[in-house]
Amino acid sequence: MQNEPLIIESGDVCQPFRYAVGSYGSVFLKELKETCRFMGIRCPKCRKVFVPPRRVCGECLVEMTDFVEVGPLGRIATFTILRYAFIDPETGEQKPVPYGYGFIRLDGADTLFQHYIDIQDESRIRIGARVEPVFADRRKASVRDVLYFRVIDETA
Amino acid sequence: MKQTAIIGIGMTKIDAQKPRDTFADMAWEAVTRALTDAGIGFDDIDNVITTSNDFWDGRTISCMAVGDASGVRHKNVSCVEGDGTFGAFYGLCRILSGAYGTTLVTAHSKGSESVSSLITNAAFDPLTDRALGLDALTAAAIQAGMYMHRTGTTPEEAALVSVKNHRNARHNPYAQLPMDIDVEDVLASEVIADPLHKLDCSPVSDGCCAIVLASEERTRKIGRKPVWIKGVAFYSDAYYLGDRNLAEAPALVKAAQSAYAQAGISNPASEIQVAEVYDAFGFQELMWIEAMGLCGSERAGTLLASGRFGIQDRLAVNPSGGLLSGHPVIAAGLIRMTEVVRQLRGEAGAYQVDDARIGLAHGINGICGQSHCVWVLGSEQ
Amino acid sequence: MGKRRVAIVGTGQTLHRSHRPDVNGQELIHEAVRLALADAGLTIADIDAIVIGNMDHFEGINAVDCWSVDGTGGTMKPVIKLTTGGTTGSTLAIGGVHLVASGMFDRVLIVGWEKNSESDTTGAITTAFDPVWDRLVFAGAISGLAAEAQAYMARYGATDRDAARVAVRDRRHACNNPHAQLHKPITIEDVLASPMLADPIHLLDVCPRTDGACAVIMACEGVAERLAPVPDWIWATANRHTYTYLGDVNWGELDSMSEAAQELFAKADIREPRKQIDVIELYQPYSFAGIIWIEDMGLVERGKGAEYIWSGATDMGGELPINPSGGVIACNPIGATGLIRCAEAALQIMGKAEARQVPDAKVAVSTGFGGCMWTDMLLHGRNKPDF
């Protein structure tokens, strides 16, 4: 038995999905696509503003209805710079390295927005740096309608 | 087993699709309904068990989606992957262990978001059977043929299950497919995989269900209309279809017998007034009824054809309309439990079974009903 | 309240490797199951129920509870699956405790496994996060961990050298563990010289990808004492799966760990963890966590984690050894990993940890980590719990 070749069965599996964005998320994506604005939602109890908007405040367990605009500017809350090749989830291709990734606190929001961060000059990427979004010309109502955030002032 | 009750139930309507709702939205709807039904708030919930399936949700760690909406943030929480009846079992154990006084159990899926045959094909072994392209439906068709061969059950008798259940669904505001059909309609519907016609098969649906379990002590404090857990058990059969006798359901026999023994039931056919069973396919309802000893020595098909098992019968089977009338996988078994609770409380309105005191709820995991969970519930302690 | 006490009476682990082409998934599971049964002196007929878990998309098999019965011995037994991502293994252990403590079963077999070599691990992990909001701009599990490290470093001034000391510790400990995947010690310079994956995490700071299975058998009081000369009693469990979206996470502080630890220690009357706990098996997927999360656990004050690590307190022979097994950095079959932490803690309490034994270990903690920065915890003890 020992010297017989081991067989590895290989193949691809395709599982197509159509995920419902839901009524709350749709508000966000619609505004993003049509007006390049970011929408959050405020909890009536703790007054926190959540991005992306969702129906329930996970802390207070109450339903939220109060949409508020946030951003478009924000600050880097935390980040990293990817140096090893990773597959871009949208394209299935390797994303060229290095690239920035992190969490942005959009002005007026209490939760963070995950996105890519442009790193033309790595030294400017730091926690607290002021950033602005760069939008795609052709937008599809997706978080990728924002191409990335870029630092406009790392000293502020 | 220490006395434990179901003190709250809630569910969304079962729909072909819910494009406005995310998993979290459905969970919130079901959970808040269950809390309102129980007359309690999130603070009364000691721990949470969510039930979901990563493949159906298209998401590894599918439980993550419903965390906030189920109120888990500052609580102990876990997730069962399987039918809601199994999730409820673990939720029950977390009370019986003495760790918690109440458990919120949720179960959800949105079948509309994927291609169901690809999802169930993924349950087949990648090394041996998957490439054959079997899915839950085609495998069930094989099982149907074997069952009908063993028992002599006819396509007309199997079709009657669909007729009964769709008609029952007309009285159930939560059901997806209320329909007034007859046997000819079922047999004239498109053949999906011989001998299964389209109307012999449950649809693929979206839905979410939630229940609140409570210990005897907590039930006395906060329970308004408790339904008591009399017995519960689950067993799994072998896995490969060829390792099983698909025409029999030994795992279900064992689970039912264990649940009956716990409940002190010696003659289930006469001691149970209502049964909500996992009718993913019409013939399976007959198979499960027989395996659970609900029709003595007679064939379930014969009895059904003679007029048994309707809402007015001394043992109503699937008065809610069953899965044939709406099948959100995962939530399905928890909805069976919810429907039995409604019956035992006398709250089933137009599909209320007379004098329902002992009820049975049934859930399944796996292809051709490999693994079964049986609950016996009672209106009295 | 008359709670039923539960103990671990046997464990089994495969020899975890990056790649096990010699076995299929069921055979991998069976290896661990056989070893655990032998360790407990039981046969499969003695097992009343089976709890199993893994992360579905790693092997691409739906309804693993049903599929695995040939490997677990689950045919015509109660079989149930729990899965919560990276925390699966510890979730399974907690599940076993409740199943036995409930009185519904006396002897429960718990199985955690993963054959990570069989799929696109990164692709599968990507699917863990919300498809609309988090998945499309996701950059891998390591990025989230790197973001945590950056946030912590900005606040408390720790460096990647501090983190490397943690990696060195665990890799050295792993040399004593025949089950661990990686058996070569490393130096701090090795870590810092290894490729930077995502600032500040180097290759040698993180876990490998592993094929492996772990099985643990739990039994009720009355049965446990007959099966094991020194059973490992489970005193308490606590967990928090706090966040649903990555953007809600409080980066730099592991909220789930703080809350779970507070609850766990309160339940077991642990007021001075460094004195009262003898050993910790910490689910630590990357080195910085070894600094940050011991603060969240309440072992040391905020900002003092690195100092504690450098003191040698968490090395073998120190005040509170962490990861005598080598931990996750030396071995990571994800669905098994949390259960391996539990099994390793059990081995410590049972006195069966061989070359990695912490002398006279009476109280141990095992943890699980995963998902959206979630934490599971179990408290193990040589004495029976006093409830």
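Predicted model: local features only at pLDDT ≥ 70, side-chain atom pairs only at ≥ 80, totals over all residues.
The overall dimensions of chain A were computed next. The C-alpha trace spans about 70 × 40 × 35 Å along its principal axes. The radius of gyration of chain A is 20 Å, whereas a compact globule of 156 residues would have a value near 15 Å. Of the 156 residues in chain A, 46% are buried. Among contacts between residues at least 6 apart in the sequence of chain A, 54% join residues at least 24 apart.

The surface and the charges of chain A were also examined. The accessible surface is about 8,100 Å², and carbon and sulfur atoms account for 47% of it. Chain A carries 22 positive and 22 negative charges, whose mean positions lie 7 Å apart.

In chain B, strand β2 covers residues 47-51. Five of its five residues are buried, that is, under 20% relative accessible area, so β2(B) is largely enclosed by the rest of the structure. In a regular strand, side chains alternate between the two faces of the sheet. Both faces of β2(B) are covered: Asn47(B), Ile49(B) and Thr51(B) are buried on one side, and Val48(B) and Thr50(B) on the other.

Strand β2(B) runs parallel to strand β3 (residues 76-80) of chain B, with five bridges joining the two. Within this pairing, Thr51(B) has Val80(B) as its bridge partner. Five bridges also link β2(B) to strand β4 (residues 102-110) of chain B in the parallel sense; here Asn47(B) is partnered by Thr103(B).

Conventions: Residues numbered from 1 in each chain as written. Chains lettered and ligands numbered in written order. Heavy atoms only, no water. Rg over C-alpha atoms; globule rule 2.2 N^0.38 Å. Buried < 20%, exposed > 50% of the residue type's maximum accessible area, 1.4 Å probe, protein only. Contact = heavy atoms within 4.5 Å. Areas by Shrake-Rupley, 256 points an atom, 1.4 Å probe, with all protein chains shown as cover. Lys, Arg positive; Asp, Glu negative; His and termini not counted. Charge placed at Lys NZ, Arg CZ, Asp CG, Glu CD. Helix = DSSP H or I, 4+ residues; strand = E, 2+ residues; numbered from the N terminus. Pairing = 2+ DSSP bridges.
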